[in-house]
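Please open the structure in your viewer and keep the selection panel at hand. The tour below goes from one selection to the next and says what is found at each stop.

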Amino acid sequence: MAGPDEELDGAGLLDAVLADTVRRTGASAGAVYLLDEATQVLDLTVLCGVPLEVAWPWLRVPLGAPVPVSDAIRENRLVWVGSQNAMARAYPRAAASLPYRFALAAAPLAGRDRCRGALMLLWPASHPADASRRERGHIASAARRTARVLDEVPEPFTAPDRPRLVPVGSSAPARGGQPSQPAADYVERLPEGALGMDLEGRITFLTAEAASLLGRDAGRLLGTRPWQSLPWLDDAVTEDHYRTAVISRDPVAFTSLRPPDTWLRFQLYPDASGISVRITRAAVPEHGPPPPAEAVPATRSAPSGPATVGRLYQLVHLAAALTETVAVRDVVELVADQVLPAFGADGLVLSAADAGRLKITGHHGYDQETIDRLDGLPLDTDLTPAGQTLADGVPSFFADPDEMARRYPRAPRISGKQAWAFLPLIVSGRPVGCCILSYDRPREFSADERAVLTSLAGLIAQALDRARLYDAARDLARGLQQALLPHRLPVLPGLDAAARYLPASHGMAIGGDFYDLIRLDGATAAAVIGDVQGHSVAAAALMGQVRTAIHATAGGPPGQVLARTNRVLADLDSDLLVSCSYAHIDLARQEAVLASAGHPPPLLHRPGQRGHAVEIEPGPLLGIDPDLAYPVTTLPLGPGATLAFYTDGLVEAPGVDPDRAAHALAGRLAEHGGQDLDRLIDTLLHQARPTGLYTDDIAVLLLRTAPRPA
């Protein structure tokens, strides 16, 4: 925190607001994510109260990811997760990689003109599972305060390469540094060891008895992490006890063997400033001592990046994330957004084996000239290690350009990178591609990094192979759908028309939504909109068959058109159901006759009146029963009336009431009734999905009758 006379810049203000929010809300930790609108990714910008290693899997979070901060933005609401069980139910991927007891809140940072990101707060395990209304109000107020800082600072906020760590601070007298002499003397007289650690896990204080029990001189322990400086504590279990204390703020106790035969009991007592550790001798466990541990050299370098247990949880997190990728683009984005920061890499090249060559499917941190040179190399290339890596299925690691040049003299000059990891992507003995991580500085790859990257390569290979099959099916379905939707709408005197189809932002990206405007004669037309169940080639194909059936009967009474289409659908014996709305537009009478098969009602706005959803008696979905009838509704239009047809993707989303969403859209229709129809569609889409993310595909068809002559 700055002093009273010290002026804070934008980043300093954001840091100060986060630290103050953590204190005011009683949280144990907090974080601010900023939304990169170009990439639709949330970047962890400021972190407070927990070490950075804990946050490694979530440095960059795609806006579509199933995690609380993403949901808070997409659904524009406060997300509360009150316990570990609640986390496991709502967010199983996050729970698997963060298996600790705590409560969490995520709130969107709603700026003046756009959402700026999200605020996340954590509370200890002792916090009640439910947040009170007052506490939720405090969290929402803190989010608004943070958003105002982002809005009011003149310079644009950008996420740093590495999140800033902010101390929580306190209004109480500082407790940092060494204890006073009387306090130190008191602790030294106790017949047990006392040790202090900061929230990063580094030893900040220890007594002579603690050093004696640990078997190491105090000077060699201060500033180190116990599981790195004491070989016999170097295991995932010990570090996980520390993480439990830091994240859950629960006291933790465990017993470890100091070779050859000394059992020690460690009791950890955490708070916002660090961890106090009590060390005492322990009795030999009833099951007896374990086999002697293999000697580990005392002098070794600390691993870079997340520590060992962090790697384990990180692998679990990435494995779960890879199972949720759908398209090749998803795989590339996940590797770039989560694998690169997790391993400190600066560059990525992901290639897929295609017709005997390595075709680059995604990259990061390389200029286009380098990518063009690497794209399309043969599988057995000797220009880079990629060919040999794929041939023998063994990853290759190069710590510096000299090591690379000894085997591949031309490779270091291609990109100017300084260290590389070449990971073969193999599925059932079949090469599917190669993943290259590169670094701007020389780097030694530790044994655990090599092991985790090798395991991760297998998961990436499975995801990439599955995604390529998906992309092939999607491209086929998309081509079919685009061929079946009208390329342009017919021109009718006295009727303006505009339409839009938008695929879902994630997933199959194609579906059975369709629309059409059929010119019947100079004064009548048929407007159609519908939605075939599912997102698949079958849905797109059935959509084409339904449109053909409607074209064959267009011009008849709307109820008969839907009834005949329903019988055609029954004859096709499809398992898919179809919603549809059909309107016969008579421009001479200035009226529309509508029939609906389970489809959302259209919206209507007449000049000088409020917009509203048309009250229409719906019939059943097409495909349920071939002998069903469909009632009709006659709707007066009048000059300058705007009629909006849409599919359910426009009004349905998690946490959104469809009727309220339709009412809000009707209000927009009235407010912007004079807009050009294409711009009006943009307005309606922005009202429905301010973030630009669509959980379902959407079709919109707008019709406007000619205005009354002046």
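Begin by selecting C48, which counts as buried because its relative accessibility is 0%, where buried means under 20% relative accessible area, exposed over 50% and partly exposed in between, with a 1.4 Å probe and protein chains only. Then select C580, which counts as buried because its relative accessibility is likewise 0%. If you go on to look for disulfides, taken as pairs of cysteine sulfur atoms within 2.5 Å, the count comes to 0.

Before going further, note that this is a predicted model, in which local features need pLDDT of at least 70 and side-chain atom pairs count only at pLDDT 80 or more, while totals for chains, interfaces and linings use all residues. Residues are numbered from 1 along each chain as its sequence is written, and side-chain values use heavy atoms, with hydrogens and water left out.

Next, display the whole chain as a cartoon, where you will find 21 helices and 28 strands; these are DSSP runs numbered from the N terminus, helices being H or I over at least four residues and strands being E over at least two. Of the 710 residues of the chain, 53% count as buried.

Now select strand β22, residues 578-586, in which 9 of 9 residues are buried. From this strand V578, C580, Y582, H584 and D586 point one way, whereas S579, S581, A583 and I585 point the other way, and all are buried.

Which strand is joined to β22 by 7 bridges? It is β23, and the two run antiparallel, with V593 of β23 as the bridge partner of H584. The hairpin of β22 and β23 has 4 residues between the strands, and Q590 there takes a positive phi near 55°.

Continue from β23 (residues 591-597) to β26, with which β23 pairs in the antiparallel sense over 5 bridges, and where L594 stands opposite T633.

Move on to the open sheet of 6 strands with antiparallel pairing, which has the order β15-β14-β13-β18-β17-β16. Its edge strands are β15 (377-378) and β16 (396-398), each of which pairs on one side only. Between β16 and β17 (residues 419-427) there are 3 bridges in the antiparallel sense, and A421 in β17 is the bridge partner of F397.

Finally, select E200 in the loop between β8 (193-197) and β9 (203-206). Is this residue buried or exposed? E200 is buried, because its relative accessible area is 19%. Leaving aside neighbours within four places in sequence, E200 is in contact, meaning heavy atoms within 4.5 Å, with P51, L52, E53, L165, R225 and Y242.

Technical notes: Two strands pair if DSSP finds at least two bridges between them.
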